[in-house]
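These are my notebook entries on one structure.

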Amino acid sequence: MNRLGGETSPYLLQHAGNPVDWWPWGEDAMREASRRDVPLLISVGYSACHWCHVMAHESFEDTATARLMNELFVNVKVDREERPDVDAVYMAATQAMTGHGGWPMTVFATPDGHPFYTGTYFPRAQFQRLLQGVSEAWRNDREAVVAQGSAVVQALNERAALPSGPLPTTETLEHAVRNLAGSFDPESGGFGGAPKFPPSMVLEFLLRHGTSDALAMAGATMEAMARGGMYDQLGGGFARYSVDAGWVVPHFEKMLYDNALLLRVYAHWWRSTGSVLARRVALETADWLLREMSTPEGGFASALDADSEGPDGAHGEGLFYVWTPEQLHDVLGADDGAWAASLFEVTGTFEHGTSVLQLLADPDDQARFDRVRTALRAAREKRPRPGRDDKVVVAWNGLVIAALAEAGALFERPDLVETARAAAVLLADLHMGGPDDPHGDGRGPARLLRTSRDGRAGTNPGVLEDYANVAEGFLTLYGVTGETRWFHLAGDLLETVLIRFPDGAGGFFDSADDGERLFQRPQDPTDNATPSGQFAAAGALLSYAALTGSARHREAAEAALGAVSVLADKYARFAGWGLAVAEAALAGPAEVAVVGPAGDPRTRALHRAALMSNAPGLVVALGPGTPDVPLLEGRGMVGGEPAAYVCRRFTCRAPVTAPADLRAELAR
């Protein structure tokens, strides 16, 4: 009996009709494996994963393969986006045993969850042989199989944690820039070779560092990504990564977290340089988020699939996005079709003579370009659309809240701020509970549930990145709106971080101390596609300390940044967010208290001047002088005029009342 029909995860629901007797992750599946005396087969993936779909079609929808799976194993399907803790521990095992990892991840484990054989995608015939071979080993060589599982678990648990160092220094950050320069691609931008992933957190660090070398690497990378095929030249938004070194052909899935992070960093690039390209890409990405990823409840969906249906009814990767010269001609006519083919590099860059659209140079006729792009976008809308995973993931929505709130303020788009507020309301009202929540016991003031769908919260508890990214989003939203609700809720979430997640050595575990006990408690301070939970927590703790003067939060942030000192010299690409937070810590960060009536244009001018500052990690408190937010307490208007106070570690300079004077203070 397939048991996935009642799940909220779209990925699990995609498999609810399989002939495989899937179980969701949990103790029930382990008890069943123990009762039947068979191994667990744990399959981990996510809904936008191309090769997950391939293996599903080849094997999980095949009755002969399903029969083998059902007879020989208890089969468990895991959505890695719902259960990043489960994914993390089995990915560590897969990488340790095979030297590589990826999704779909295929794990054979003892009934108590200890992995003894792992892999990723297997073609059907190979997978069938593997099923029979593993089952035979379980029946005939049980002692060796169990010993293998125990050895893997012991090795992973004994693996030394990343040592921590002191708070990074200016020299540490300079070493990191040199390390990044060593892997920088001067021809195409980015770092390393193919495949190339958007280095969002590294770009944020380089912008904050602000030297000519750092800004050159950041600018070249962002321009190359925005002009290549990884960026959707018709609809906005970025694909997951480029399969080549030149950003030409993407892996076509679009992830919420990538676009949230890139929206924010392109907005910051515009703030630093005034780049017209940066502004266009930031706003197009924001509009894409609102148009294609928003949910009726006010949150944001997780991903769009790479695959869609083609004209022959078959599914394939990228079919929604690619074009041939003939298709351009059919939509635009001969003249505009030829012009568009040249402008967008439609020269057969993808499969079967199709091309991913690029825009390597700005058009010489903007009106013609706008007309052509509008027509192509309208024609593309008639194609079958990629599937959408519409579950709301708390951590990624926190990233979106921060990005939209800042972009709305910087580009004077109040609709973006309002959308960020609506997402924050959803997280606060649906995902966030107090100590009486089923996942709390009174020690911590706030708990988070990681996912929801259609307004129904899931049951999986939040992990460190959820608490950290939502706190970051709430603090950013407070700095833009002055609404103290978000400041206080961020403080509640960070209190839980300090109580439930510390490792006792200055860092943080990725799962709470009262969470489900897996064979290993996950902990990884390095960035992946999103900021590591530890570095994200450090950033939110540092901002909260700057608003409150709390030494406890400041010290926790600095201790968590100790891992940056170890990574910066050789592995800076995997510590981008930690490096960015370290820039803020070394800069203070600057604290700006803007005091004045909310509707006064003079208050708004001072507030905008603060938000337009490039000071690393700057925090803004907005409102009347009140004890509600400590940075504002005791600070009032000057001579009846709204005023701004520039402080560092709660030591403030004389207040200013003119935006030009505020800009000068922040430039010191």
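I took two strands as paired if DSSP finds at least two bridges between them. Strands (E, at least two residues) and helices (H or I, at least four) are DSSP runs, numbered from the N terminus.

I noted that this is a predicted model, where local features need pLDDT of at least 70, side-chain atom pairs count only at pLDDT 80 or more, and totals for chains, interfaces and linings use all residues. Residues are numbered from 1 along each chain as its sequence is written, and side-chain values use heavy atoms, with hydrogens and water left out.

Entry: strand E18.
I found five bridges between E17 (residues 590-595) and E18, which run parallel. Glu591 has Val619 of E18 as its bridge partner. Is E18 (residues 619-623) buried or exposed? I call a residue buried under 20% relative accessible area, exposed over 50% and partly exposed in between (1.4 Å probe, protein chains only). Five of the five residues of E18 are buried, so the strand is largely enclosed by the rest of the structure. Val619, Ala621 and Gly623 lie on one side, Val620 and Leu622 on the other. In a regular strand, side chains alternate between the two faces of the sheet.

Entry: backbone.
Most residues other than glycine have a negative phi, and most peptide bonds are trans. I found a cis bond between Gly588 and Pro589, with omega about -10 degrees. Pro589 sits in the loop between helix H23 (576-587) and E17. Another cis bond joins Trp103 and Pro104, with omega about 5 degrees.

Asp37 has a positive phi of about 60 degrees and counts as partly exposed at 41%. Arg649 has a positive phi of about 50 degrees and is exposed at 53%.
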